[in-house]
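Hi everyone, thanks for coming along. I'd like to walk you through one model today, a few helices and strands at a time. Have a look at it on the screen first.

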Amino acid sequence: MEQFDVVVIGSGPAGEGAAMMAAKNHRTVALIERHFEVGGGCTHWGTIPSKALRHAVKILHDLRRNPLLREFHADTPLTYPQLLATATKVVESQVASRHRFYERNRVPIFGGEASFIDDHAIEIQPSTGKAQRISGRHIIIAAGSRPYHPPEVDFTHEHIRDSDSILRYPAHPFAVTIYGAGVIGCEYASIFINLGAKVTLVNTHERLLSFLDDEIAEALSYHLREQGCVIRHNEQFKALEARERDVVLHLESGRKIKSDLLLWANGRTGNSRHLHLDRVGLTANSRGQIAVNAHYQTAIPHIYAVGDIAGPPALASAAYVQGSHAVQHILDPSIPEHRLEMVPSGIYTIPEISSIGKTERELQEGKVPYEVGHCAFKNLARAQMTDERVGMLKIIFHAETLAVLGVHCFGDGASEIVHIGQTVMASPELNNIRYFTNTTFNYPTMAEAYRVAAYNGLNRLT
């Protein structure tokens, strides 16, 4: 049985982060991937293709509203399958890049389904051929997740899709119902509404994305409705009637919603079912997730779990760092715990949302004295030039120490803009709202929203 210092199960962002960190520190590493190509769900049927689709739809959206280009758009109507095809080259480039990473760092890739034999030995069963076994002093589970499938929903029906299979839908939908208004549901609602489809977003909670700052969540809700999306809050699934040409969603309230496509976007499940965790004394919860500590160790100290299979925040960006941190802990068990509060969220609706740090609600509940500075994008020269006037930057800071406590952004480029605030918040020497008033930003840029918002907040202090 071949022996390795670290065996990594899964080649998504979490697995890649772990494998690269171990290889760079001269540890022998084996990577196990059950699919034909590396990259995991993130690269093949999740983050990369869905965000590439979103970008293509955004271009279409810009064409429609630009009076100079409207005539061009009218002459070249684009369908959903055509827009999906734009993601293919991106996926191919990502896979090629990742293959080069493993080759350069001499990380062998074992193809097949991984399962535990004992707490150090792993069996790898390829799709064809004989199984093989390898052993690792440390094992890192980065098997990812898949869309949750309730047993009463028939996902083999042509018009019922999850967030993976929606990327293979062969037609241009006229009416779409999305069940589940989390991050994925809101992103696809934004995509389909900008494709001209009639969209009904069914939310099982009282408001959209309750983990966001209230003002940002309300802005998203308003903007989706303004674009034509119908949002139904506090609704629960009762039954699904799949017919030949359409689907009828029956809700507990008695409401029935008919559409030619239903996207089920209500949660994800960790890919733990084939790992045989019972052989090493580990268990997964009802959503297939494995419990870990702040260093991503499971109940078996030399076995780690990172990324989606370890639960929230279930972000590709966070997963890579989680994988790296797990290996850093193997190398030096005295390192500080991983700080998840400094991981920004990125929601790729049209326009985007990104945030980091505390919300107003959290600070109110903690009785922390704070103040808020706003900058509406419609007042920025750059936003006026690009005609991206929807949105705002919101900075929350301590009313006495002036430390930045949270940055929340809604608008075009929000996922990039938030990083300036993230850098300031992460630096004890820089973290002061006055940093933004004392810093020169290029003009015209979206980044100068920080200066405007900082002055707006400081002017509110008594």
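Let's start where two helices meet: P13, A14, E16, G17, A18, M20, M21 and A22 in α1 are in contact with A316, A319, Y320, G323, S324, V327 and Q328 in α9. By class, this contact of α1 with α9 has 10 nonpolar, 4 polar and 1 charged residues. For that count, Ala, Val, Leu, Ile, Met, Phe, Trp, Tyr, Cys and Pro are nonpolar, Asp, Glu, Lys and Arg are charged, and the others, Gly among them, are polar. Contact here means heavy atoms within 4.5 Å. Helices are DSSP runs of H or I with at least four residues, strands are runs of E with at least two, and both are numbered from the N terminus.

Before I go on, a word on where this comes from. This is a predicted model, in which local features need pLDDT of at least 70 and side-chain atom pairs count only at pLDDT 80 or more, while totals for chains, interfaces and linings use all residues. Residues are numbered from 1 along each chain as its sequence is written, and side-chain values use heavy atoms, with hydrogens and water left out.

Back to our pair. Two packed helices are described by the angle between their axes and the distance between the axes. For α1 and α9 the angle is about 35° and the axes are 7 Å apart. Axes are lines fitted to C-alpha atoms, for helices over the stretch in contact, and angles run from 0 to 180 degrees between N-to-C directions. The crossing of α1 past α9 is right-handed. A crossing is right-handed if the near helix is turned clockwise from the far one by less than a right angle, and left-handed if anticlockwise.

Now α9 by itself. The expected span is 1.5 Å times one less than the number of residues. Buried residues of α9 include A318, A319, H325 and I330; buried means under 20% relative accessible area, exposed over 50%, and partly exposed in between, with a 1.4 Å probe and protein chains only. What covers the buried residues of α9? Among the elements doing so are α1 (13–24), β6 (132–141) and β17 (303–305).

R98, in helix α6 (residues 87–104), touches E16, V38, G39 and T43, leaving out residues up to four places away in sequence. Why does R98 count as buried? Because its relative accessible area is 18%.

S50, K51, L53, R54 and V57 in α3 meet E187, Y188 and I191 in α7. That contact has 4 nonpolar, 1 polar and 3 charged residues. Among the buried residues of α3 are S50, L53, R54 and V57. As for length, the 19 residues of α3 should span 27 Å, and the end C-alpha atoms are 27 Å apart, which agrees.

Strands next. They pair through backbone hydrogen bonds, either parallel or antiparallel. Two strands count as paired if DSSP finds at least two bridges between them. β1 (residues 2–9) and β2 pair in the parallel sense over 4 bridges, with V8 bridged to L31 in β2. In β2 (residues 29–33), 5 of its 5 residues are buried: V29, L31 and E33 on one side, A30 and I32 on the other.

There is also an open sheet of 3 strands, in the order β12-β13-β14, with antiparallel pairing. β12 (237–242) and β14 (256–259) are at the edges with a single partner strand each, so one side of each has no neighbour in the sheet. β12 pairs with β13 (residues 247–251) over 5 bridges, and L240 stands opposite L249 in β13.

Last stop: M342, in the loop between α9 and β18 (345–347). Is M342 buried or exposed? It is buried, at 14% relative accessible area. Setting aside neighbours within four places in sequence, M342 is in contact with I356, Q422, M425 and A426. Thanks, all!
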